[in-house]
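Dear colleague,

I am handing over the structure below, and the notes that follow set out what was found in it. Please read them with the coordinates open.

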Amino acid sequence: VVASDSVETRGISAGFVGVNASGFNGQAESFSSGAAGNITITTPTLRLLQGGAVGTPTSGSGPGGVINVQADLIEVDGFATNFFLGEFRSGIYASSDSFSPLGRAGSVILEADQIRVSNGGQIGASTLGFADGGLVEVVNAGVITVEGVSGDGTQSGFYARTDFLGAAGTVAIETNTLNVTDQGIVTARTDSFGAAGTVRIR
């Protein structure tokens, strides 16, 4: 995706079998063996709002995809709520919930002067399955702000954590200024059996 002004996704829609987030999706589905797709976005401004998302997650035996974003401003803000299924948080995701150890999470690579993640927004390459977490990398950033929580208390943040057997991944941030406030988080923690990952900030 190349846009001369801005790219914005906003909101969710209820389908017959679930909820779909507005945005861009290169997911590898359950029981598939191929890798998830890759997504590249080049634009002055990228805004993901009220559940809008960019994702290359994997649920199969292939790895998650790679998301590359080059922008002046990246804003990931807020969430949308479905009565039956709960919150859908705005985000950039290359996560894994695969039952195969080969279905590791993908990578999120961001290059931007300003990045704002707020009100439950998330940027992540976490694992919820048997495979390892991936990489979230920010390069050449000027100011990064991470702040606030969603309606159910989920923290805004950068995530490469594990919630099951796979090891957590890596969050690597290169920036002039990093502001983490109001319960925002940068984490590669473990919440289950898998090993914790790595957070590097410079």
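Phe 99 counts as exposed because its relative accessibility is 67%, where buried means under 20% relative accessible area, exposed over 50% and partly exposed in between, with a 1.4 Å probe and protein chains only. Please bear in mind that this is a predicted model, in which local features need pLDDT of at least 70 and side-chain atom pairs count only at pLDDT 80 or more, while totals for chains, interfaces and linings use all residues. Residues are numbered from 1 along each chain as its sequence is written, and side-chain values use heavy atoms, with hydrogens and water left out.

A search of the whole structure gives 2 aromatic pairs, a pair being rings of Phe, Tyr or Trp (its six-membered ring) with centres within 6.5 Å, classed as stacked when the planes are under 30 degrees apart, edge-to-face when over 60 and tilted otherwise. The ring centres of Phe 99 and Phe 130 are 5.7 Å apart with the planes at 50°, so this pair is tilted. The two residues are 31 apart in the chain, with Phe 99 in the loop between strand S11 (91-93) and strand S12 (107-118) and Phe 130 in the loop between strand S13 (122-124) and strand S14 (135-147); strands here are DSSP runs (E, at least two residues), numbered from the N terminus. Phe 130 is partly exposed, at a relative accessible area of 32%.

Phe 130 also pairs with Phe 164, and because the centres are 5.4 Å apart and the planes stand at 85°, that pair is edge-to-face. Phe 164 sits in the loop between strand S15 (157-159) and strand S16 (170-181), so the pair ties together parts that are 34 residues apart in sequence. Phe 164 is partly exposed, at 27% relative accessibility, and the ring pairs link Phe 99, Phe 130 and Phe 164 into a cluster.

Which residues make the nonpolar surface patch of about 480 Å²? They are Phe 99, Phe 130, Leu 165 and Phe 193. Patches are made of residues with over 30% relative accessible area and no salt bridge, with like charges joined within 9 Å and nonpolar side chains (Val, Leu, Ile, Met, Phe, Trp, Tyr) within 5 Å, and the accessible areas come from the Shrake-Rupley method with a 1.4 Å probe, only the protein chains shown counting as cover for residues. Phe 193 lies in the loop between strand S17 (185-187) and strand S18 (198-201) and is exposed, at 66%.

Turning to charged side chains, the count comes to 9 salt bridges, each being a side-chain nitrogen of Lys or Arg within 4 Å of a carboxyl oxygen of Asp or Glu. Among them, Arg 10 bridges to Glu 8 with the closest N and O atoms 2.9 Å apart; Arg 10 is partly exposed at 41%, as is Glu 8 at 43%. Glu 87 and Arg 89 form another, at 3.2 Å between the closest N and O atoms, in which Glu 87 is buried at 16% and Arg 89 is partly exposed at 22%. Arg 202 and Glu 174 meet at 3.9 Å, N to O, and since Arg 202 lies in the segment after S18 and Glu 174 in strand S16, the pair ties together parts 28 residues apart in sequence. Arg 202 is exposed at 68%, whereas Glu 174 is partly exposed at 25%. Finally, Arg 161, Asp 163, Arg 189 and Asp 191 are linked in a network of salt bridges.

Technical notes
Helix = DSSP H or I, 4+ residues; strand = E, 2+ residues; numbered from the N terminus.
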